[in-house]
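The following note sets out points for a colleague examining this model. Please read it alongside the coordinates.

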Amino acid sequence: MIYFDNAATTYPKPLAVRRSVRDALVVYGGNPGRSGHKMAMRVSEQIFSVRQKLADFFGAEAQNVVFTSNCTAALNMAIKGVLKAGDHAVISCLEHNSVVRPLEHMRRKGLISYDVAEVYEEDPLETVRSFEQLLTSRTKAVICTHASNVSGAVLPIQALGKMCCRHGIIFIVDAAQSAGVLPIHMQEMQIQFLCMPGHKGLYGITGSGVLISDGQVPLDSLIEGGTGSLSAQLEQPDFLPDQLESGTINTAGILSIGAGLDFIASQGGPTAIYQHEFRLCDWVFHQLQKMPTVSLCLKQMVYGQNVPLVSFGIRNVHSEDLAAKLSEHNIAVRGGLHCAPLAHQHYRTYEQGLVRFAPSVFSKGEEAAFFIRSIQNLVKFLDKA
């Protein structure tokens, strides 16, 4: 199988990541933070080392790195931990359901309200203005994806962070498609909460995620329970990461993220990986552009303004049918609405959806060429039908 579904989860996983999972089961089998014996102490040290790597990677402090089960859990923790009754939020028109559904749930319960800002892919300043125009005296947070999982368009996060800082508004960023791919520094971008999966651009395994706080904004916990700290008191600890890490954490997932970060460094860092993936996407984009019956989500691929993915459709063919046809040719891609109906409404692709081509550092030029030949053959077959 030629795998181009890396925006959903990266595959294959690096050898170091696979070894880290084995080590979590064989070498570091104790329960971190729960016991004083040697094995538990060793795994606690390993867990802390990954916190520190993530803190260094994203411009944060290790104690503010919280491990979650996925990016969705991290976003729910941030959104529901920040917003209170009567609050207002602003999001972009490109948000994933991981942002929209928690907000919609709270809105339907009569707790909060939210508005949706338009994104202008070719005019970042206009995008910032569209957010700013929706701010009110009740606006508590701006919640924004760093890069669209549908189009790959990168939003002006640094400018939005400055805007939030000017207005005293909390800034929550969904880095599902950008963590490990684009440079992110929380302090420089003035991000209060950064949410990400461990299993995409960080090359960890599924079932892993991260929430990083700037440590300045208090956050209510969604789950309370055992933390291994302050066990004599009935109240949940009020300090990070313990406040948000009730129950036994996912040692295998966490160590896989640490190994993934080491792998990224071994490849020359996120920029080197981005350059390789962007070259493949740029070539695929221009090959698809030559086909009259193919429509592309975006008008152009711009280095630094798009994460490495290409979304497209073929006239009169539903995207899920097209993805199924490509699967018959042993090509793995994602078709449909990508859990982001607002984005598809924005791009006017809601009815048919889109097929998403998303390479990784392991993807090869000849695989991309086979993908294009397969599309060309499908187009010819459809033209004859």
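Helices, of at least four residues, and strands, of at least two, are taken here as DSSP runs and numbered from the N terminus. The model is a predicted one, and the points below should be read accordingly.

1. Cis peptide bonds. Pro-12 belongs to the loop that links strand 1 (2–3) with helix 1, and the peptide bond joining Tyr-11 to Pro-12 is cis, with omega about 0 degrees. A cis bond also leads from Leu-240 to Pro-241, where omega is near 0 degrees. Pro-241 lies in the loop between strand 8 (209–213) and helix 8.

2. Seven strands make up an open sheet of mixed pairing, in the order 2-8-7-6-5-3-4. Strand 2 (65–68) and strand 4 (113–117) form its edges, each pairing on one side only. On average, and ignoring direction, neighbouring strands of this sheet are turned by 20 degrees against each other.

3. Strands 5 and 6. Strand 5 (residues 139–145) and strand 6 (residues 170–174) run parallel and are joined by five bridges. Ala-141 has Ile-170 as its bridge partner in strand 6, while Ile-143 stands opposite Ile-172 of that strand.

4. Burial of strand 6. How many of the five residues of strand 6 are buried? Five of the five are, so the strand is largely enclosed by the rest of the structure. In a regular strand, side chains alternate between the two faces of the sheet. Strand 6 is covered on both faces: Ile-170, Ile-172 and Asp-174 are buried on one side, and Phe-171 and Val-173 are buried on the other.

5. Helix 5 against the sheet. Helix 5 (residues 124–132) lies across strand 3 (88–92), strand 4 and strand 5. Its direction makes an angle of about 155 degrees with strand 3.

6. Ser-256. This residue is part of helix 8 (residues 251–266). Ser-256 has a relative accessible area of 0% and is therefore buried, the limit being under 20%. Leaving aside residues up to four places away in sequence, Ser-256 touches Val-17, Ser-20, Val-21, Tyr-203, Gly-204 and Ile-205.

7. Val-307. Although placed in the loop between strand 9 (294–296) and strand 10 (310–314), Val-307 is buried, with a relative accessible area of 2%. Its C-alpha atom is separated by 6.6 Å from that of Ala-153, a residue 154 positions apart along the chain. Beyond residues up to four places away in sequence, the contacts of Val-307 include Ala-147, Ser-148, Gly-152 and Val-154. Gln-177, Val-181, Leu-182 and Tyr-274 are also among them.

8. Asn-316 occupies the loop between strand 10 and helix 10 (319–328); its relative accessibility is 68%, so Asn-316 counts as exposed. His-338 sits in the loop between strand 12 (334–336) and helix 11 (341–346), and at 1% relative accessibility His-338 counts as buried.

9. Val-27 is located in the loop between helix 1 (15–26) and helix 2 (38–58). With a relative accessible area of 31%, Val-27 is partly exposed.

Note on methods. Residues are numbered from 1 along each chain as its sequence is written. This is a predicted model: local features need pLDDT of at least 70, side-chain atom pairs count only at pLDDT 80 or more; totals for chains, interfaces and linings use all residues. Side-chain values use heavy atoms; hydrogens and water are left out. Buried means under 20% relative accessible area, exposed over 50%, partly exposed in between (1.4 Å probe, protein chains only). Contact means heavy atoms within 4.5 Å. Two strands pair if DSSP finds at least two bridges between them. Axes are lines fitted to C-alpha atoms, for helices over the stretch in contact, and angles run from 0 to 180 degrees between N-to-C directions.
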